[in-house]
Amino acid sequence: MPVLLVRHGEAVQSHGDDGARYLTFRGRTEARKVALALEQRGLVPTQIVSSPLVRAVQTAEIFAHALGFEGTLTTDPALVPDGEPALALKGIPISAGLTIVVTHEPLVRHMAALLARQPSFAAFRTSGVTMFEGARVTLTLSPETA
């Protein structure tokens with residue numbers, strides 16, 4: 001099952017409630033740019049799961065719309081920024097098709113390291129994505145490379 005890890009788009013600065021932070025205009029624009037680059041590559045998700053935090057859900061919705069996803073977007077509380085990587089990966093639904101997972105730094109980097117079977121993985125830029133098929137990285141995009 002291919003898994004596409006996504007770091008949410010750029011969000012407004014926190015003023016107390018981190019969970020309520022929403023995407024900036026730039027964050028929405030960059031997420032859309034990366035999602036459209038995935039659409040041009042013919043990627044169609046069978047599942048999208050997101051952190052329940054507003055900025056991640058908004059990013060997931062942008063990806064769903066751009067990729068023509070008609071399923072139900074689900075959230076998983078294990079995908080919060082300080083979540084446990086192994087638990088977060090264990091919660092990803094098994095699917096024969098592409099599963100998109102939208103989350104945060106540093107969790108997304110730690111999940112990527114586990115998927116790649118490496119001790120560490122480079123930090124994800126906002127709206128950045130990396131696709132894994134097994135332990136192999138098959139695609140990496142950021143707003144600059146999309």
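**Charged pairs and an aromatic cluster**

Modeller: Glu30 and Arg26 are 4 residues apart in helix 1, which means that about one helical turn separates them. Helices here are DSSP runs of H or I with at least four residues, strands are runs of E with at least two, and both are numbered from the N terminus. Before going on, a word on the source: this is a predicted model, in which local features need pLDDT of at least 70 and side-chain atom pairs count only at pLDDT 80 or more, while totals for chains, interfaces and linings use all residues. Residues are numbered from 1 along each chain as its sequence is written, and side-chain values use heavy atoms, leaving out hydrogens and water.

Back to our pair: the side chains of Arg26 and Glu30 meet in a salt bridge at 3.0 Å, N to O. The term covers a side-chain nitrogen of Lys or Arg within 4 Å of a carboxyl oxygen of Asp or Glu. Glu30 is buried at 11% relative accessible area, whereas Arg26 is partly exposed at 43%. For these words, buried is under 20% relative accessible area, exposed is over 50% and partly exposed lies in between, with a 1.4 Å probe and protein chains only. The two residues also belong to a network of salt bridges that links Glu10, Arg26, Glu30, Arg125 and Glu144.

With Arg21, Asp18 makes a salt bridge whose closest N and O atoms are 3.2 Å apart. Asp18 is partly exposed, at 31% relative accessible area, while Arg21 is buried, at 18%. Asp18 also forms a salt bridge with Arg55, here with 3.1 Å between the closest N and O atoms. Asp18 sits in the loop between strand 1 and helix 1 (25-40) and Arg55 in helix 2, so this pair ties together parts that are 37 residues apart in sequence.

Arg55 deserves a moment of its own. Helix 2 spans residues 54-66 and contains Arg55, which is buried at 3% relative accessibility. The Arg55 side chain also reaches the backbone oxygen of Asp18, at 2.7 Å. Such a polar contact is a pair of N or O atoms within 3.5 Å; within protein, one must be able to donate a hydrogen and the other to accept it, and residues adjacent in sequence count only if both atoms are side-chain atoms. Leaving aside neighbours within four places in sequence, Arg55 is in contact (heavy atoms within 4.5 Å) with His8, Ala11, Asp18, Arg21, Tyr22, Leu23, Pro81 and His104.

Now for the rings. A search of the whole structure finds 2 aromatic pairs. One of them joins Phe121 and Phe124, tilted, with 6.0 Å from centre to centre and 35° between the planes. By the rule used, rings of Phe, Tyr and Trp (its six-membered ring) pair if their centres lie within 6.5 Å, with planes under 30 degrees apart counted as stacked, over 60 as edge-to-face and the rest as tilted. Phe121 is partly exposed at 22%, and Phe124 is buried at 6%. Phe121 also pairs with Phe132: the centres are 5.8 Å apart and the planes meet at 55°, so this pair is tilted. Phe121 lies in the loop between helix 4 (107-116) and strand 5 (129-133), and Phe132 lies in strand 5, so the pair ties together parts 11 residues apart in sequence. Together, Phe121, Phe124 and Phe132 form one aromatic cluster.

Phe132 is buried, with a relative accessible area of 1%, and in strand 5 as a whole 4 of the 5 residues are buried. Strand 5 runs antiparallel to strand 1 (residues 2-7), joined by 5 bridges; strands pair if DSSP finds at least two bridges between them. Val3 stands opposite Phe132. Strand 5 also pairs with strand 6 (residues 136-141) in the antiparallel sense, over 5 bridges. There Thr130 has Thr140 as its bridge partner, and Glu133 has Arg136. The hairpin of strand 5 and strand 6 has 2 residues between the strands, and Gly134 takes a positive phi near 65° in it.
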